[in-house]
Amino acid sequence: MFDCVPSLIVLQFFNHSVKRLSNAQKLVLWNVPRSRELADVSIEEAALKPPVYTEPFAELSSETDKTKDTSSEIGEFVDCLGPPLPISFNLAAYVNRSESLQQLVCLGVDLSEIEKKPDRAKFILNLEFEKHVRPYIQFFHDHGVSADDMGKLFTKNLYIFKEHIEDLEIRINYMKSKKFNSEAIARIITNNPFFLSRHTKEIDTRLGMYQKQFSLSGNQVRYLVTKCPKLVTYDLMKFREKLVTMKEELGFTNDEMKKLLLMKPKVWMLGRVQVKERFDIVHNLMGISHEMILNSPEIFTRRAFIIKQRHFYLVHLNRAQYDPLQPLYVSLRDLVTTTDSEFCEQCAKTSVERYNEFLKTL
């Protein structure tokens with residue numbers, strides 16, 4: 001077919017095709033030896049023929065070297081020839097090529113949690129294990145954090161690697177100056193991975209606020225922080241709103257709020273609506289006094305509808321007796337902390353099947 005096309009038209013078609021090539025393709029094209037002109041290429045030579053590979057594959061054949069395990073060499077050879085990894089929706093695609101990710105996975109870091117936020121995923125991919133990770137592992141190990149807990153710590157607060165080791169040491173020394181012992185410091189760091197990401201001035205302000213607001217002693221402050229370290233980094237605005245709710249809406253006195261804080265500090269991190277709803281059921285519906293609530297603060301940690309269902313079932317059985325001085329007494333702690341089967345056995349004295357049948361009538 002080409003025999004019928006004038007040479008001028010072929011040349012124009014060739015020039016037009018060259019313009020559409022990329023720079024890299026042009027470079028390859030122009031590096032072809034020019035000893036032969038385009039017109040010299042015959043139709044037979046221009047026909048596509050399968051290339052003959054002799055040198056690379058001869059080295060990998062079993063005939064030339066029977067002692068080597070060629071499968072691993074082939075894998076490495078293919079990896080080297082493969083294109084760079086494209087943008088991926090998960091970090092698993094990068095683990096085989098990243099020593100840092102491999103080490104972090106062995107440490108217990110949950111990559112599925114980190115990759116939920118692209119900024120965190122991008123940050124962890126740029127970490128070099130020896131330079132950016134190992135010094136922090138040594139630091140936390142020296143301060144009592146176990147290897148099993150480091151994975152959880154780094155998963156929750158990946159940006160701890162942005163903090164300077166010197167700054168972390170300063171914050172540890174601050175805690176020691178406030179007479180926190182080594183065990184307490186290790187517990188605080190483990191249970192609140194964001195604690196060391198806060199400046200000492202901010203931590204000191206928070207501790208002073210709690211001490212002044214609830215008239216706490218030094219030992220009580222240390223006990224509170226060790227028991228619930230997340231309270232120190234909790235949203236201060238939400239805490240103040242909870243303070244108003246407890247005092248103005250639920251009617252707790254300062255002493256009662258202090259007792260509730262020390263006994264169940266987690267209550268102060270619950271939502272205002274949750275606290276009010278659960279208090280309304282226990283106090284107004286069930287008739288439980290503030291004093292009895294403080295003796296069983298676990299009632300704030302159970303969902304309101306479950307407390308309501310169990311109370312109605314006890315009323316149905318004439319067993320809704322919460323006064324410890326009266327017969328058939330039902331413990332509030334057992335009411336809210338047990339499973340359905342345990343509740344039926346210990347409090348209602350009936351079967352779970354009967355309880356489930358009752359719930360269908362509500």
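Guide: One term to start: a nonpolar core is a set of buried Ala, Val, Leu, Ile, Met, Phe, Trp, Tyr and Cys residues joined through side-chain atoms within 4.5 Å. Buried means under 20% relative accessible area, exposed over 50%, and partly exposed in between, with a 1.4 Å probe and protein chains only. The largest nonpolar core here has 88 residues.

Visitor: Which residues have the most contacts inside that core?
Guide: Phe140, Phe154 and Trp268. Helix H10, residues 129–142, gives the most to this core, with six residues.

Visitor: What kind of model is this?
Guide: This is a predicted model, where local features need pLDDT of at least 70 and side-chain atom pairs count only at pLDDT 80 or more, while totals for chains, interfaces and linings use all residues. Residues are numbered from 1 along each chain as its sequence is written, and side-chain values use heavy atoms, with hydrogens and water left out.

Visitor: How many helices and strands?
Guide: The chain has 23 helices and zero strands. Both are DSSP runs numbered from the N terminus: helices are H or I with at least four residues, strands are E with at least two.

Visitor: How much of the chain is buried?
Guide: 34% of its 362 residues.

Visitor: Back to Trp268. What is it in contact with?
Guide: Contact means heavy atoms within 4.5 Å. Skipping neighbours within four places in sequence, Trp268 is in contact with Phe214, Leu231, Tyr234, Phe239, Lys242, Leu243, Met246, Met257, Leu260 and Leu261.

Visitor: How do H14 and H16 cross?
Guide: At roughly 5 degrees, with the axes of H14 (200–214) and H16 (236–249) coming within 13 Å. Axes are lines fitted to C-alpha atoms, for helices over the stretch in contact, and angles run from 0 to 180 degrees between N-to-C directions. H14 is therefore roughly parallel to H16. The cut-offs are under 35 degrees for roughly parallel, over 145 for roughly antiparallel, 65 to 115 for roughly perpendicular, and oblique for the rest.

Visitor: Which residues meet there?
Guide: From H14, Arg206, Met209, Tyr210, Gln213 and Phe214; from H16, Leu236, Phe239 and Leu243. By class, the contact of H14 with H16 has six nonpolar, one polar and one charged. Ala, Val, Leu, Ile, Met, Phe, Trp, Tyr, Cys and Pro count as nonpolar, Asp, Glu, Lys and Arg as charged, and the others, Gly among them, as polar.

Visitor: And what about H20 with H23?
Guide: H20 and H23 (352–359) pack at about 105 degrees, axes 11 Å apart. So H20 and H23 are roughly perpendicular to each other. H20 brings Gln309, Arg310, Phe312, Tyr313 and His316, and H23 brings Arg354, Tyr355, Phe358 and Leu359. That contact of H20 with H23 holds five nonpolar, two polar and two charged residues.

Visitor: Is Arg310 buried or exposed?
Guide: Arg310 counts as buried, because its relative accessibility is 0%.

Visitor: Which backbone oxygens does the Arg310 side chain reach?
Guide: The side chain of Arg310 reaches that of Leu335 at 2.7 Å and that of Thr338 at 3.0 Å. Arg310 also touches residues including Asp334, Asp340, Phe343 and Tyr355.

Visitor: Where is Glu298?
Guide: Glu298 is in the loop between H19 (290–295) and H20 (304–316). Glu298 counts as buried, at 15% relative accessibility.

Visitor: What does the Glu298 side chain join?
Guide: The side chain of Arg333, through a polar contact of 3.3 Å. A polar contact is a pair of N or O atoms within 3.5 Å; within protein, one must be able to donate a hydrogen and the other to accept it, and residues adjacent in sequence count only if both atoms are side-chain atoms.

Visitor: New topic. What does Ile124 touch?
Guide: Beyond four places in sequence, Leu91, Leu101, Leu104, Leu111, Ile114 and Leu158. Ile124 lies in H9, residues 118–125, and counts as buried at 0% relative accessibility.
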